[in-house]
Amino acid sequence: MERYDLVVIGSGPAGEKGAAQAAYFGKRVALVEKAFHVGGAGINTGTVPSKTLRETALYFSGLHQRGLYGVDYTVKSELTVRDFMYREQEVVKSLREVVRQNIERHKIDLIQGQASFEDAHTIAVAPTDADFVRRIRGDVILIATGSVPARPKDIPFEDPRVHDSDEILEMQGLPRTMAVVGAGVIGCEYTTIFAALGIRVTLIDGRDRLLSFLDAEIAERLRLQMESLGVDLRLGDGVTRVTPQPDVVHVDTKRGDLLAMDAVLFAAGRYGATQGLGLEKVGLSANDRGLLAVNEHYQTAVPHIYAVGDVVGFPALAATSMEQARVAMCHAFDLKYKTRVAPIFPLAVYTIPEIAMVGETEESCREKKLDYCVGRALYRANARGQIIGDLAGQIKLVFRYPDKTLLGVHVIGESASELVHVGLMVLLFGGTIDAFINAVFNYPTLGDAYKYAAYDGLGNLQRRLAGGSRDSE
């Protein structure tokens, strides 16, 4: 039986980086992946494909130039799924190769097959194309198996027109109408992508607002933008039954409506991918959502078995998953290199328009009884915003009253996921909005909007100091 310092289960962002971190410091590492391709959902079915499709939708629809006079952004009716997926397939192939090269560069043994525990140190690997089982032994085990879409009972996923978020991009034709069930991040992203492609999308969710973790003002801006894309947004509603018919799929709602759709996407959350791992053989168990409990070092109840990424739950982001894996391996091998994941990290939602945030919202400030002010700058008042035609974007700063310490940054519009990092660095260094006022930004750039959001916030602060109220902001 081959022995390794580390056996990693799963080659997604967390597994790859955890394996590379240990191998970089000279550890002998095996990386087990059950799929034929490395990269996990992040590269193959989720993050990268959907974001690439988003860029394709923006290109074909002309929505990048939606504020420019005379641009017709109606998607041409003769376009096929192949047109939209070509770029996505090329990007996925390229990134798979990047991951594979990283594995080879670090001299990590890549083993294809389904992994399961035989005991606390022994992993059985059953290749999908062979009858034999290979057994390997690891001093340390890292579980980085990711997550799978939740599939509600009694939903006919066997019908080719009913999809989950992992296989939606495999659909053969572009539907004319689509129901998206679930207004979480994935549901909102696909809703706006498909709406940009000219599909009439109905978004259904039982909650009364979009994406409750967002600042409410930004969430409302997203709702308005969805409506401008023609989305039929049905909040406070739900689905009671999905019935395939010869020509359409009938969707019954809790409010009593019967919707006839060409396709249905269920995006109702995800579960940790822990089934089949044989956790019971090592005294571990997942919760009812398939998630494993870990401590601050990402150790499970069995000290030499670590778990990171989606399989441990929130925040379930590729960016934080990679950092969790690095921290876990540094702890496992006492590397004295990286001891924790940064306490402040950004979130991005790749809807159309893009959204990103870091830190406190107005709502969280009120819950924590933090006295605060806000400052805003609109893209329409920014030279670059005018040039690119994004007239609805906004940067919003939330800062502490009265010392101006930055508390949160919220961006909606073009390049939001990039712009948020400017605010992130100021937050990490405990800076104030004066950092933006004192900085010189290239002109014309969207980044320059930070300065004017800070000036707006400074004006609101001065009015409060003079006896005004936050409501005037």
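Leu 233 touches Leu 203, Leu 210, Arg 223 and Met 226, leaving aside residues up to four places away in sequence. This is a predicted model, so every contact I mention is a contact in a prediction. Leu 233 sits in strand S11, which covers residues 232-235. Its relative accessible area is 18%, and because the cut-off for buried is under 20%, Leu 233 counts as buried. Now look along the chain from there to Asp 434. Leu 233 and Asp 434 are 201 residues apart in sequence, and their C-alpha atoms are separated by 40 Å.

One of the neighbours of Leu 233 is Leu 210. The next residue to look at is Leu 211, in the loop between strand S10 (200-205) and helix H6 (216-228). Leu 211 is not a glycine, yet it has a positive phi of about 45 degrees. Is Leu 211 buried or exposed? At 5% relative accessibility, it is buried.

There is another residue of this kind. Ser 415 is not a glycine either, and its phi is positive at about 65 degrees. Ser 415 is placed in the loop that runs between strand S22 (406-412) and helix H10 (416-428). With a relative accessible area of 28%, Ser 415 is partly exposed.

Staying with the backbone, I turn to cis peptide bonds. The bond from Ile 352 to Pro 353 is cis, with omega near 5 degrees. Pro 353 belongs to the loop between strand S18 (347-349) and strand S19 (355-359). The bond from Tyr 443 to Pro 444 is also cis, and there omega is near 0 degrees. For Pro 444, the setting is the loop between helix H11 (434-438) and helix H12 (449-465).

Next, helix packing. Two packed helices are described by the angle between their axes and the distance between the axes. Take helix H1 (residues 13-24) and helix H7 (residues 318-332): their axes come within 8 Å and cross at roughly 30 degrees. That angle makes H1 roughly parallel to H7. The crossing of H1 over H7 is right-handed. Which residues make the contact? From H1 they are Pro 13, Ala 14, Lys 17, Gly 18 and Gln 21, and from H7 they are Ala 318, Ser 321, Met 322, Ala 325, Arg 326, Met 329 and Cys 330. Sorted by class, the contact of H1 with H7 has 7 nonpolar, 3 polar and 2 charged residues.

The other pair is helix H3 (residues 47-61) with helix H5 (residues 185-196). Their axes are 9 Å apart, and the packing angle is about 30 degrees. H3 and H5 are therefore roughly parallel to each other. What is the hand of the crossing where H3 passes H5? It is left-handed. On the H3 side the contact is made by Ser 50, Lys 51, Leu 53, Arg 54, Ala 57 and Ser 61, and on the H5 side by Glu 189, Tyr 190, Ile 193, Phe 194 and Ala 196. By class, the contact of H3 with H5 has 6 nonpolar, 2 polar and 3 charged residues.

Now the cysteines. A disulfide is a covalent bond between the sulfur atoms of two cysteines. How many disulfides does a search of the whole structure find? It finds 0.

Two single residues remain. Ala 263 lies in strand S15, residues 263-266. Its relative accessible area is 3%, so Ala 263 is buried. Not counting residues up to four places away in sequence, Ala 263 touches Arg 161, His 163, Pro 175, Thr 177, Met 178 and Ala 179. Ala 263 and Val 32 are 231 residues apart in sequence, and C-alpha to C-alpha they are 35 Å apart in space.

Val 98 has a relative accessible area of 47% and is partly exposed. Between Val 98 and Arg 234 there are 41 Å, C-alpha to C-alpha, and these residues are 136 apart along the chain.

Terms used:
Residues are numbered from 1 along each chain as its sequence is written. This is a predicted model: local features need pLDDT of at least 70, side-chain atom pairs count only at pLDDT 80 or more; totals for chains, interfaces and linings use all residues. Side-chain values use heavy atoms; hydrogens and water are left out. Axes are lines fitted to C-alpha atoms, for helices over the stretch in contact, and angles run from 0 to 180 degrees between N-to-C directions. Helices (H or I, at least four residues) and strands (E, at least two) are DSSP runs, numbered from the N terminus. Angles under 35 degrees count as roughly parallel, over 145 as roughly antiparallel, 65 to 115 as roughly perpendicular and the rest as oblique. A crossing is left-handed if the near helix is turned anticlockwise from the far one by less than a right angle, and right-handed if clockwise. Contact means heavy atoms within 4.5 Å. Ala, Val, Leu, Ile, Met, Phe, Trp, Tyr, Cys and Pro count as nonpolar, Asp, Glu, Lys and Arg as charged, and the others, Gly among them, as polar. A disulfide is a pair of cysteine sulfur atoms within 2.5 Å. Buried means under 20% relative accessible area, exposed over 50%, partly exposed in between (1.4 Å probe, protein chains only).
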